[in-house]
Amino acid sequence: MTLEIGEVAAESPSGLRVKGALKPGYERVLTDDALRFVVDIARKFDGARRDLLKAREVRQSAWDAGGLPDFLPETSEIREGDWKIAGIPSDLQKRWVELTGPTERKMVINALNSGADVFMTDFEDALSPTWSNIVEGQIALRDYWRGELTFTDAVSGKSYEVGPDPAMLLVRPRGWHLPEAHILLDGDPIAGAFVDFGLYFFHNARGIVEKGSAPYFYLPKLESHQEAKLWNDVFVFAQEAFGMPVGTIKATVLIETLPAAFEMDEILYVMRDHIVGLNVGRWDYIFSFIKVLRNKPEYTLPDRQQVVMGKAFLGAYARLLVQTCHKRGAFAMGGMAAQIPNRREPEINEKAMAAVQKDKEREVREGCDGSWVAHPDLVPVARDVFERLMKGDNQVDVIPDTTPVSQADLLQIHEGTRTEAGLRTNIRVGVQYIEAWLRGNGAVPLYNLMEDAATAEISRTQIWQWQKHGATLDDGRQVTVELVDELLTDEMAKLRETLGPDVYEGGRFADAIAIFNLMSEAPELAPFLTLHAYPLLAD
């Protein structure tokens, strides 16, 4: 298939059709051979992917009917066995500070130059998956590995380029559930994960290896070790296709779903040739906790600001992650500090930086080998903590707390209250994030925090949960559809006044409100906000 600039590709003999319009430069990554490689991956593995997504529904039905997630009896030998992962490359031994962000060209340059040890560039929760965002992100990463990544701001004229000591680059492809509607295979959208992984690996893997490193990935949203094994199978296929030894690719898996927390040993085991660690994906984990236990009123959470690390199910899950990883020779990576600097309000900024410092100190004490931050200005704050408290590049040989973690520990809810302020926060964050996402922005600064899809998911699922079970606020009022609608109307009126009528009406707030209303008030809880909103994206 030959693609011409500005044209839309026709149906190819392979069954592939690229629907997305081409812009100058897109042909650099949407080559015949690269697309053929993506098709080969999809044809070999898409059946298994679809089966695993159906298996998610079956498990959820069992939990909705009264069951609870638990450790798997059939894999007890793996949990009890004496084994370790294959090993960790030398250039991944020190991962104290990991910065995350979307694949937008200028942001990639700034992140690589931030002083972080690792930059996790994101095709998933921090990126709105418009066609231009996906393709231009691939172009930026291709240019980086060829030493050609530069950017000139069209307004200021300022130029940006990668410095001499960039962060190590890890790439997060989309989760198994997300489609890429701009590329069809046999008339159906191809999996976004196959596109993101396939294009990046095809264009860059050999060049990365020639530079003495290897292709490194972060894997999101896994719900079982079978889903992890599918990634392992894709890795083996890709390496064999390129004549690379099995184990060249290395990945870190985000434990950001409640089901996966019960299968950490199994995930490490099935990926033992390719995995180097697990990550505490705290925000998505809260979302998953609500989603999995949605039909059980006894698991109704308090305000999201009261669901904090170090306590209840979040504390148990982080403790188990460190225990499991370090027992197997893998890294335990800490979670995201989502605070962003506020230079206009010094007192607020000082409190935010102090909160980041305290959070990272807790993670080091708990045994984490590194941690995430959402903004370059947080890199030195986190680095200072690790320089003071870490005794080496990592602490993979240390398990500070060996207290066993039980099913009950992983299901213990946080104590706290539900308040009107918490309800309003969910409304404000949820609607504003969706509105920005529909315009193509997946990393959105709101109220001194960097929000991504995970926090929007918490917002809408928590409101759904409170309404579903008739939760009571601290002032005695019951959360109802009518109360939510009243507060939503009030919050949007305030936002319109703050932004101004022209900005408000010129945005996507009508669509965002409709999506948020539908998903937070529907009889059944939809699995993913982004799946529902995807057809309404800007391109």
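This is a predicted model: local features need pLDDT of at least 70, side-chain atom pairs count only at pLDDT 80 or more; totals for chains, interfaces and linings use all residues.
Lys106 sits in helix α3, which covers residues 105-112. Leaving out residues up to four places away in sequence, Lys106 touches Phe151, Asp153 and Tyr160.

Okay, next residue, Leu219. You'll find Leu219 in strand β9, residues 216-219. Is Leu219 buried or exposed? Its relative accessible area is 0%, so Leu219 is buried. Have a look at what is around Leu219: not counting residues up to four places away in sequence, it touches Pro173, Trp231, Phe235, Ala251, Thr252, Val253, Leu254 and Met271. Pro24 is another story: Leu219 and Pro24 are 195 residues apart along the chain, and 30 Å separates their C-alpha atoms.

Now for a residue in a loop. His177 lies between β6 (168-172) and β7 (179-185). With 9% relative accessibility, His177 counts as buried, because the cut-off is under 20%. Which residues does His177 touch, once we skip those up to four places away in sequence? They are Arg49, Leu53, Arg56, Lys221, Phe528 and Leu531.

Helix α1 runs over residues 32-64 and helix α6 over residues 225-241, and the two pack at an angle of about 170° with their axes 10 Å apart. Anything over 145 degrees counts as roughly antiparallel, and therefore that is what we call α1 and α6. On the α1 side, the contact has Phe37, Asp40, Ile41, Lys44, Phe45, Ala48, Arg49, Leu52 and Arg56. They meet Gln226, Glu227, Leu230, Asp233, Val234, Phe237, Ala238 and Ala241 in α6. Sorted by class, this contact of α1 with α6 has 10 nonpolar, one polar and six charged residues.

While we're looking at lists like that, here's a handy bit of background. An α-helix has 3.6 residues a turn, so residues three or four places apart point the same way.

The crossing of α14 past α15 is left-handed. From α14, the contact uses Leu423, Asn426, Ile427, Val429, Gly430 and Tyr433. From α15, Ala453, Ala456, Ser459, Gln462, Ile463 and Trp466 take part. How many nonpolar, polar and charged residues is that? The contact of α14 with α15 has eight nonpolar, four polar and no charged.

Let's stay with α14 for a moment. α14 is mostly covered, as 16 of its 19 residues are buried. From first C-alpha to last, α14 reaches 27 Å, close to the 27 Å expected at 1.5 Å a residue. After α14 comes Gly440, with a positive phi near 100°.

α4 has 15 residues and reaches 22 Å from its first C-alpha to its last, close to the 21 Å expected at 1.5 Å a residue. In α4, 13 of the 15 residues are buried, so the rest of the structure largely encloses this helix. And what follows α4? Gly147 does, with a positive phi near 70°.

Both of those were glycines, so what about other residues? Most residues other than glycine have a negative phi. Asp186, in the loop between β7 and β8 (188-191), has a positive phi of about 55° although it is not a glycine. Ala312 also has a positive phi, near 45°. Ala312 lies in helix α10, residues 312-327, and with a relative accessible area of 18% it is buried.

Last pair, and then I'm done. Helix α11 (residues 346-366) packs against helix α12 (residues 379-389) at about 35°, with the axes 9 Å apart. α11 passes α12 in a right-handed crossing. Among the residues making the contact are Met353 and Val356 of α11, and Val381 and Ala382 of α12. By class, the contact of α11 with α12 divides into eight nonpolar, one polar and three charged residues. Thanks, everyone!

Methods. Residues are numbered from 1 along each chain as its sequence is written. Side-chain values use heavy atoms; hydrogens and water are left out. A crossing is left-handed if the near helix is turned anticlockwise from the far one by less than a right angle, and right-handed if clockwise. Helices (H or I, at least four residues) and strands (E, at least two) are DSSP runs, numbered from the N terminus. Contact means heavy atoms within 4.5 Å. Ala, Val, Leu, Ile, Met, Phe, Trp, Tyr, Cys and Pro count as nonpolar, Asp, Glu, Lys and Arg as charged, and the others, Gly among them, as polar. The expected span of a helix is 1.5 Å times one less than its number of residues. Buried means under 20% relative accessible area, exposed over 50%, partly exposed in between (1.4 Å probe, protein chains only). Axes are lines fitted to C-alpha atoms, for helices over the stretch in contact, and angles run from 0 to 180 degrees between N-to-C directions. Angles under 35 degrees count as roughly parallel, over 145 as roughly antiparallel, 65 to 115 as roughly perpendicular and the rest as oblique.
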